[in-house]
Amino acid sequence: MNRIINITAALALTLSIATAALAAGAAAISGEVKKIDEGAGKITLKHGPAKSLGMDDPMTMVYRVKDPAMLKQVKVGDKVTFEAEEAASGYTVTKMERAK
């Protein structure tokens with residue numbers, strides 16, 4: 001019986017750690033579309049602090065996009081929320097939608 005309780009406790013702890021890690025890494029960033037380069041699969045975004053990327057100050061940056069179809073869903077001037085990740089090749093937008 002103690003073994004079952006120990007296994008259950010270990011699984012619960014693992015799940016809570018995994019959930020916290022996902023929540024911390026998936027913080028949405030607010031920004032504005034400044035330029036779209038469909039041919040290169042890139043977008044220029046002006047945004048506020050992006051704590052999930054280690055950026056404490058607002059800035060304008062060029063990002064790659066994970067899925068080029070994202071570029072067809074927005075236009076220059078749109079307010080957006082997005083998620084991005086850092087890779088060896090630079091920063092990549094993994095999710096993006098127009099702000100509500």
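Let me start with one contact. Lys 79 and Glu 32 form a salt bridge, with the closest N and O atoms 3.2 Å apart. Keep in mind that this is a predicted model. Lys 79 lies in strand E4 and Glu 32 in strand E1, so the pair ties together parts that are 47 residues apart in sequence.

Glu 32 stands opposite Lys 79 in E4. Strands E1 and E4 run antiparallel, and four bridges join them.

Now step back to the whole sheet. What do the strands build? They form a closed barrel of five strands, in the order E1-E2-E3-E5-E4, with mixed pairing. On average, neighbouring strands of this sheet are turned by 55° against each other, direction ignored.

Let's walk along some of the pairings. E1 and E2 run antiparallel and are joined by six bridges. Within that pairing, Gly 31 stands opposite His 47 in E2. E1 and E2 also make a hairpin, with four residues between the strands. In that hairpin, Gly 41 takes a positive phi near 70°.

Next, E3 and E5. How do they run? They run parallel, and two bridges join them. Val 65 stands opposite Val 93 in E5.

On to the inside. A general point to begin with. In soluble globular proteins, nonpolar side chains tend to be buried together. Here, the largest nonpolar core has 18 residues. Those with the most contacts inside it are Ile 43, Leu 45, Tyr 63, Phe 82, Val 93 and Met 96.

Look at Ile 43. This residue lies in strand E2. Is Ile 43 buried or exposed? Its relative accessible area is 1%, under the 20% cut-off, so Ile 43 counts as buried. Leaving out residues up to four places away in sequence, Ile 43 touches, among others, Val 33, Lys 35 and Ile 36. The list also includes Met 61, Tyr 63, Leu 71, Val 74, Val 93 and Met 96. One more distance to note here. Ile 43 and Arg 64 are 21 residues apart in sequence, yet 6.5 Å apart in space, C-alpha to C-alpha.

Now the rings. Two numbers matter for each pair. A pair of aromatic rings is described by the distance of the centres and the angle of the planes. How many aromatic pairs does the structure hold? Two. Tyr 63 is buried, at 1% relative accessibility. Phe 82 is buried as well, with a relative accessible area of 1%.

Tyr 63 also pairs with Tyr 91, again edge-to-face, at 6.3 Å centre to centre and 70° between the planes. That pair links distant parts of the chain, with Tyr 63 in strand E3 and Tyr 91 in strand E5, 28 residues apart. Together, the ring pairs link Tyr 63, Phe 82 and Tyr 91 into a cluster.

Side chains of opposite charge can pair when their charged atoms come close. How many salt bridges are there? The count comes to five. Another of them joins the side chains of Lys 72 and Glu 38, at 2.8 Å, N to O. This pair links distant parts of the chain: Lys 72 is in the loop between E3 and E4, Glu 38 in the loop between E1 and E2, 34 residues apart. Lys 72 is exposed, with a relative accessible area of 64%. Glu 38 is partly exposed, at 46%.

Then there is Asp 78, whose side chain meets that of Lys 75 in a salt bridge at 3.1 Å, N to O. Buried or exposed? Asp 78 is buried, with a relative accessible area of 9%.

And that returns us to the opening pair. Salt bridges that share partners join Glu 32, Lys 34 and Lys 79 into one network.

Conventions. Residues numbered from 1 in each chain as written. Predicted model: local features only at pLDDT ≥ 70, side-chain atom pairs only at ≥ 80, totals over all residues. Heavy atoms only, no water. Core = buried A, V, L, I, M, F, W, Y, C linked by side-chain atoms within 4.5 Å. Buried < 20%, exposed > 50% of the residue type's maximum accessible area, 1.4 Å probe, protein only. Contact = heavy atoms within 4.5 Å. Phe/Tyr/Trp six-rings, centres within 6.5 Å; stacked < 30°, edge-to-face > 60°. Salt bridge = Lys/Arg side-chain N within 4 Å of Asp/Glu carboxyl O. Pairing = 2+ DSSP bridges. Axes fitted to C-alpha atoms, helices over the stretch in contact; angles between N-to-C directions.
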